Structures are given as structure tokens and as C-alpha cells.
Amino acid sequence: MTLPVFPSQRAPVYKDVPDEKWNDWRWQLSHRLNSTADFETILELTESEKRALSSKNLFRVDITPYFVSLIDPQDPHDPIRRQVIPTEKEIIPYTGMMEDSLAEDQHSPVPGLVHRYPDRVLMLITTQCASYCRYCTRGRIVGDPSATFSQEEFDMQIAYLERTPQVRDVLLSGGDPLVLAPKLLERLLTRLQAIPHIEIVRIGSRVPVFMPMRITDELCSMLRKYHPLWLNIHVNHPNEITAELAQACARLADAGIPLGNQSVLLAGINDCVHIQRKLVQDLVRIRVRPYYLYQCDLVEGAGHFRTPVSKGIEIIEGLRGHTTGFAVPTFVVDAPGGGGKIPVMPNYLISSSDHKIVLRNYEGFITTYEEPLEYHAHDSKKCKFCQKKKLERGQAGVAGLLDGERMFIKPEGFDQLHIRGGEKHRLRQKTKKWEPLGIGPGEIDTGEIDK
Ligand SMILES: *Cc1c(COP(=O)(O)O)cnc(C)c1O
């Protein structure tokens with residue numbers, strides 16, 4: 001096996017910066033680029049970039065010298081440049097655009113805590129990042145230091161977690177949790193660790209990508225005290241995989257932190273099966289498992305980055321079967337209005353009968369799977385997991401329909417509409433009429449029948 005050789009580069013303007021400075025994350029943070037003059041020391045800006053940089057109400061611009069150095073200055077379409085340097089396309093509104101397309105603030109019982117799913121929460125702990133992605137899904141708060149969370153709000157977040165025992169998984173995000181002062185981050189991890197029902201903590205961070213020198217041995221020794229701790233990074237293009245990122249990931253993985261990657265599908269950046277295949281293959285070489293590929297959200301500034309959803313399906317078609325199974329991410333559309341992540345993928349089930357299904361594989365090979373003629377259904381009355389673990393009432397969804405928690409899910413206003421203005425009448429009085437009569441497998445102990 002040949003060890004991977006990933007590039008490491010510095011823009012010419014930084015050639016004389018001593019290594020101790022270059023490799024110091026504080027130096028990287030304090031030397032971030034954000035103005036036309038800053039960028040023109042590195043590359044020639046296009047007219048569109050210049051106009052964007054001088055416009056008001058622009059989503060915050062800040063890029064570390066490390067990340068800027070990965071840009072090919074000759075190429076205005078460079079995939080790294082397009083992720084972080086604005087163009088005036090950002091200012092153009094489009095159909096479907098929203099301020100908070102995932103309705104996160106609406107699903108927040110306290111500021112910064114998004115409780116959408118039954119057993120886990122998203123906890124926003126800062127609005128600051130090491131650099132800012134132009135397609136940021138949280139542009140409504142991210143980048144604005146005045147929008148960041150106060151000590152009082154942290155306390156409200158923790159208090160909510162303490163009184164909500166159904167939460168077993170806390171996902172720290174922001175902003176970027178790894179730009180928080182290490183003492184603050186550690187205090188927070190200590191408080192989470194002290195809550196008995198919290199089983200795992202995860203961090204979503206692009207710091208390893210924007211500023212890999214931040215992943216010091218010291219930081220890793222702090223993080224490893226808070227296991228089980230998981231971390232997802234955010235890489236969109238193989239050009240972001242450098243010797244420095246590989247080292248940062250090695251440190252994190254050696255500290256026992258399982259690593260995943262979340263990418264966003266971006267027009268002109270990574271909307272290509274071949275780029276994506278190279279990306280996921282390089283990620284697994286640095287011990288990062290591709291987790292999600294996101295359809296771009298309907299947020300301000302992101303219109304020109306959007307692709308049709310079918311592009312994501314095409315990418316999955318080109319990955320599944322064609323490369324390592326665990327290198328294939330799940331392509332998801334994060335539901336506008338706050339429905340959470342919805343997986344979308346090619347169809348592999350072609351047809352079915354009562355005893356057989358017809359499947360196709362990635363090569364187009366079509367096969368059949370003969371289903372069992374006799375299947376003894378799982379006996380939930382004898383299963384202690386079934387007895388103990390009921391899906392949460394009201395949020396059980398389609399699984400709840402299958403589980404018998406309820407018989408139907410009705411659109412809002414369904415009952416009212418179907419009364420059609422009529423009164424209660426002779427045939428409408430008995431309300432139990434629409435409930436099952438208690439005959440059938442739902443009511444019978446199938447275990448008895450088997451004997
Ligand atoms: C993405 C997300 C999660 C985590 O989802 P997983 O599918 O478990 O990774 C949790 N809460 C919110 C609000 C999210 O957006």
C-alpha cells in the first residue's frame with residue numbers, strides 16, 4: 001500500500017511567514033482575509049467578486065490564510081474560491097428563498113437549541129466560524145458576533161436538556177464549536193457529561209478543514225475525556241484534502257473520535273460523479289467516513305449553488321456499488337419548513353409479487369429474491385425491547401402507523417373539512433364507529449396461535 005501524499009501549499013505572499021506563526025491557529029485567525037485589498041495580494045478578483053465585496057448586507061466574509069492558499073489564483077471557477085469568496089450572484093433573490101428555510105428557530109424551545117427529532121437535539125453554541133461558507137444554511141445568525149449566545153442562554157439550553165430525559169444525543173454546532181474558547185467548550189462538555197440520560201455528544205466542525213493547525217495534541221487530549229464523542233467535518237471537494245487536514249484527522253481519530261463528513265451538493269463545485277467519487281475515496285484514506293450529502297438549502301445567497309435534486313440521485317447511482325460501501329454518503333433533502341433530513345436515492349426495487357421481488361444492481365443486472373413462504377411474525381408481546389421502547393406518541397410517524405400506535409395521519413383541518421358544514425346527525429353520533437372493532441392480528445396474541 002502506498003501511503004497517500006496529499007498536497008500542502010502556501011500562497012506566495014505567505015512564503016516568508018515563519019513556520020511557528022503559520023502553524024499557530026491564533027495567527028491564522030487574526031490574519032484572515034476579508035477585503036478586496038486582502039484578496040488582491042493573492043489573486044486577481046473578478047468584477048463580480050469586487051462588486052459583491054463592496055456591497056452592503058453581504059454575509060460575512062473571512063478566510064484563513066491556510067484555506068485561501070489552496071485556491072488556484074488563475075482559475076475564477078476554482079472550487080475552493082467559489083465556496084468562500086462571494087460573487088454578486090449571492091445578492092440575487094430567487095423563488096423559494098427563505099431566511100430560515102429549515103424553520104430551526106421555530107423548533108427551538110430555548111434560543112439555540114433545535115429539538116426536532118424525538119431523541120436528539122441540535123445545540124448551537126456560537127455564531128462564529130474560522131471561515132464562512134457562502135451557502136451557509138444558518139446565514140441568518142452565523143457570522144454576526146452580536147447574535148451569539150450568552151451565558152444565560154447556555155444555562156437555558158442546559159436546563160432544557162436536564163429536564164428532557166428523552167434526549168440521548170446532543171449535536172453541537174453553530175457556528176463552529178471548535179472556535180469557541182477551549183475553556184468554554186470544555187465547561188460545556190463537562191456539563192453535558194454530567195447529565196445522566198445523555199448518551200453521546202457529537203460536534204459538527206469545519207475547523208479541521210479551514211484551520212487544521214487548531215487540532216493540536218492538547219485539544220485532542222481535552223476532547224478524549226468526553227467520550228463517546230463523535231465528530232463530523234465538512235469537506236466538499238478533493239482539493240480540500242491536504243497533508244495538514246490528513247494530520248488533523250489522524251490526531252482526532254487517534255484520540256478515539258469517530259470521524260464523518262457532511263458535504264453540500266454545490267453547482268460548479270462538486271456536482272460531478274467523478275469529483276464525488278474521488279472525494280469519498282480520499283476521505284476514507286484519512287479515516288473519515290462520508291455521512292451525508294446535502295441538497296443545498298433554500299437560503300439567501302445560495303440560489304446559484306443549487307442543482308436539481310436529480311443530480312444528487314445521479315451521484316449516488318455513480319457511487320453505490322462502484323466504490324467502497326461505507327464511502328457512500330446518504331443523499332438528503334433537509335425539509336423546508338422543518339421536516340428534518342429526508343433521504344433520496346435511486347430505485348433498486350423494480351417490481352414485486354406476493355412471494356418474490358425483482359431487484360436491479362448498480363450494473364443493471366436484474367435478479368429476483370424469493371421471499372419466505374412461511375414467516376412467523378416477530379412476537380412483540382414476548383419481546384422485552386418492544387415492551388420497553390415505545391415510539392414517542394405524536395412523533396412516531398409512518399413507523400407509528402406500522403407499530404399500531406395509530407391508524408392514520410390526517411392533514412391539518414381534515415376533520416373540519418369533512419364535516420362539510422353538516423350537523424351531528426343520526427348516523428354521525430356514535431364516535432367509536434371509526435375505531436377498529438378489536439378483531440384481527442392487532443388484537444390477537446400470535447404467540448398462542450403458533451402453539
Ligand atoms: C441534522 C440534525 C440532527 C441530527 O440528525 P442525524 O440524522 O441524527 O444526524 C438533529 N437535529 C437537527 C435539528 C438536525 O438538523
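## The sheet

In this predicted model, 9 strands form an open sheet. Their order is β1-β2-β3-β4-β5-β6-β7-β8-β9, and the pairing is mixed. Two strands stand at the edges: β1 (113–114) and β9. Each has a single partner strand, so one side of each is left without a neighbour in the sheet.

Strands of a sheet pair through backbone hydrogen bonds, and the pairing can be parallel or antiparallel. The sections below give examples of both.

## Parallel pairs

Strand β2 covers residues 120–124, and strand β3 covers residues 169–173. They pair in the parallel sense over 5 bridges. Leu 124 stands opposite Ser 173 in β3.

Strand β7 (residues 288–294) also takes part in a parallel pairing, with strand β8 (residues 330–335). This pairing has 3 bridges. Tyr 292 has Thr 330 of β8 as its bridge partner.

What is the sense of the pairing between β8 and β9? It is antiparallel, over 4 bridges, with β9 spanning residues 340–343. Val 332 has its bridge partner in β9, namely Pro 343.

## A helix pair

Two packed helices are described by the angle between their axes and the distance between the axes. Helix α7 (residues 151–162) and helix α8 (residues 182–193) pack at about 20°, with axes 11 Å apart. That angle makes α7 roughly parallel to α8. Their crossing is right-handed.

Which residues meet between these helices? From α7 come Gln 151, Asp 155, Ile 158 and Leu 161. From α8 come Leu 184, Arg 187, Leu 188, Arg 191 and Leu 192.

A disulfide is a covalent bond between the sulfur atoms of two cysteines. How many disulfides does the structure hold? The count is 0.

Two cysteines show why. For Cys 249, the closest cysteine sulfur is in Cys 220, 10 Å away, which is too far for a bond. Cys 249 is buried, because its relative accessibility is 0%. For Cys 272, the closest cysteine sulfur is in Cys 296, 17 Å away, again too far for a bond. Cys 272 is partly exposed, with a relative accessible area of 23%.

Definitions and conventions:
Residues numbered from 1 in each chain as written. Predicted model: local features only at pLDDT ≥ 70, side-chain atom pairs only at ≥ 80, totals over all residues. Heavy atoms only, no water. Disulfide = S-S within 2.5 Å. Buried < 20%, exposed > 50% of the residue type's maximum accessible area, 1.4 Å probe, protein only. Pairing = 2+ DSSP bridges. Axes fitted to C-alpha atoms, helices over the stretch in contact; angles between N-to-C directions. Parallel < 35°, antiparallel > 145°, perpendicular 65-115°, else oblique. Left-handed = near helix turned anticlockwise from the far one by under 90°. Contact = heavy atoms within 4.5 Å.
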